[in-house]
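Trainee: Could we go through the charged and aromatic contacts of this model?

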Amino acid sequence: MTDRPEDRTPSAVRPYVITRGRSDTGGEPLAWETLVMATDAAFPPSLQPEHHKILTHCQGLLSVAEVAAHLGQPPSVVQVLLSDLVAWGLIVIRPPIPPAEHTDVTMLRKVLHGLESRL
Amino acid sequence: MASKAVSDDPDRASGQPGPHTGRTRDTPGPGTQPGKYVSAGVVGAAKILVVGPLGVGKTTLIGTVSEIKPLSTEAMMTQAGAGVDTVLTPGKTTTTVALDFGRITIDGALVLYLFGTPGQQRFLPAWRDLAKGSLGALALVDTRDLAASFDALGNLEDLGLPFAVAVNVFPGSPQYTEHELRAALDLLPDTPLVACDARNLRSSVQVLIALLGHLIDTAPPEAHGLVPPPAPAPASAPAVAPAPAPAGSTATESL
Ligand SMILES: Nc1nc2c(ncn2[C@@H]2O[C@H](COP(=O)(O)OP(=O)(O)OP(=O)(O)O)[C@@H](O)[C@H]2O)c(=O)[nH]1
Ligand SMILES: [Mg+2]
C-alpha cells in the first residue's frame, strides 16, 4: 500500500482530513462570534485529538474565532468540529445577537454607552 | 497548510517561559490564562468589521481598543467563491486571508468583536461571510493614497453594511478639508467621517462611538419607538448626541 498515514506529521494533515472531508454540517455554520463553552459531560474515550483540544480550550466562554486562533486552525475547520461537539452534547453555544435585533436601538445604545464609559 | 495562530501574549501569567507562538499553545493549562475567557455573565455577542487597504492601521486600531491581545486566524476561501469559506473540497483553488480580531466586553453583558479584513476586491468573498450578522463597519482611510480605499468602500456599499469612515493621519499626510474628502471618497452626507489616531485609545473609541451613533441614527423608526426618550449624552461626547440633529455633521469637527 502506498497509503502510509503514519508518515504524516500532524501539521501536514490537511484540514479536510481533520474534518473527514465534511465541509458543512447540514445547517448554517456557527458564526465566528458565536460563544461556545464545554459542558460538564465526560469526554468519550473515542474522541479525536482535535475535538479533545477544543474542549480543553473551552473551559469558559469563547467565540468560535477565538477557539480557532487558540487552536491554530482555520475557523472553517473549527466550525465543523464544534458542530460535532454540540451534537454530542459536549459544547453549548450562546448564539450571536440575531440580525433582527441589530436595529434594536436599546441594544445599540447599550453598546454606545459602554463605549463612552471607556473614554 | 498550517494556519498561523495567535500572536504572542505578554500579559499572560509570568510562570511560562519563552515566547508564545501558535506552536506552543498546546503546552499545559490552556484554560488558565487570565483574561482569556469572556466573562460568564455575557449573554450575547455582536461584531463590527474594520476594513481598509494594506498598512492603513486596522491591526493597530483593533489592538488599541481590544481587551485581549489581538488574535489572528487565517480564513480559507475558494478563489472564485460565492462567499462560503467552508468549502474544503480538495482540488478547488483555495486561498487564505489573515484576519485579526479583538474583543470588547460591554457592561459585562455583551461582547463586541472587531474583525479586521483586508480591503482588496479579491478578498470580498471572505468579507461576505463576516459581514453577515455584523452591526456595521469602520472603513479606515489613509489620505496619502485615497484611491487605495475605494475597493473597501465600494464593497461596503455593495453589501449594504452601514459604516463610518476614519481617516488615519500619518506623518506627511496631505491635508484635506472635510468637503474635499467627502467628495473624493464619494460619501453620503450622513456617513460619519472622523479623524483618528489608531494608536490612541480615546481616538479609536471615538471612532467606534461615531459608528454606533450612525447606526442609531439610521435605525428604522419602529426601532426607536420601542425605547424611552434618550438620556442626555455626556458633555464629553458631543459627537454622538442622540438628538435628531443633522446626522453626519457631528463627528467631524476634529478633521
Ligand atoms: N501615524 C499613525 N500611524 C499609524 C496609525 N495607525 C497605524 N499606524 C502605523 O502604521 C503601520 C501599519 O499599521 P497596521 O495596523 O499594521 O496596518 P494594517 O491595516 O493592519 O495593515 P495590513 O494588516 O498589512 O493590511 C504601523 O507601523 C502602525 O504603527 C495612525 O493612526 N497614525
Ligand atoms: Mg494588519
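Trainee: Which residue forms a salt bridge with Arg199(B)?
Mentor: This is a predicted model, in which local features need pLDDT of at least 70 and side-chain atom pairs count only at pLDDT 80 or more, while totals for chains, interfaces and linings use all residues. Side-chain values use heavy atoms, without hydrogens and water. A salt bridge is a side-chain nitrogen of Lys or Arg within 4 Å of a carboxyl oxygen of Asp or Glu. The closest N and O atoms are 2.8 Å apart here, and the partner of Arg199(B) is Asp197(B).

Trainee: Is Arg199(B) buried or exposed?
Mentor: Buried means under 20% relative accessible area, exposed over 50% and partly exposed in between (1.4 Å probe, protein chains only). Arg199(B) has 65% relative accessibility, so it counts as exposed.

Trainee: Which residues are linked with Arg118(A) in a network of salt bridges?
Mentor: Arg118(A) and Glu67(B) meet through their side chains at 3.8 Å, N to O. At 30% relative accessibility Arg118(A) is partly exposed, and Glu67(B) is partly exposed at 34%. The network links Arg118(A) with Glu66(A), Glu67(B) and Arg103(B).

Trainee: How are the rings of Trp32(A) and Phe115(B) arranged?
Mentor: Rings of Phe, Tyr and Trp (its six-membered ring) pair if their centres lie within 6.5 Å; planes under 30 degrees apart count as stacked, over 60 as edge-to-face and the rest as tilted. By this rule there are three aromatic pairs over all chains. The centres of Trp32(A) and Phe115(B) are 5.6 Å apart and the planes are at 80 degrees, so the pair is edge-to-face.

Terms used:
Residues are numbered from 1 along each chain as its sequence is written. Chains are lettered from A and ligands numbered from 1 in the order in which they are written.
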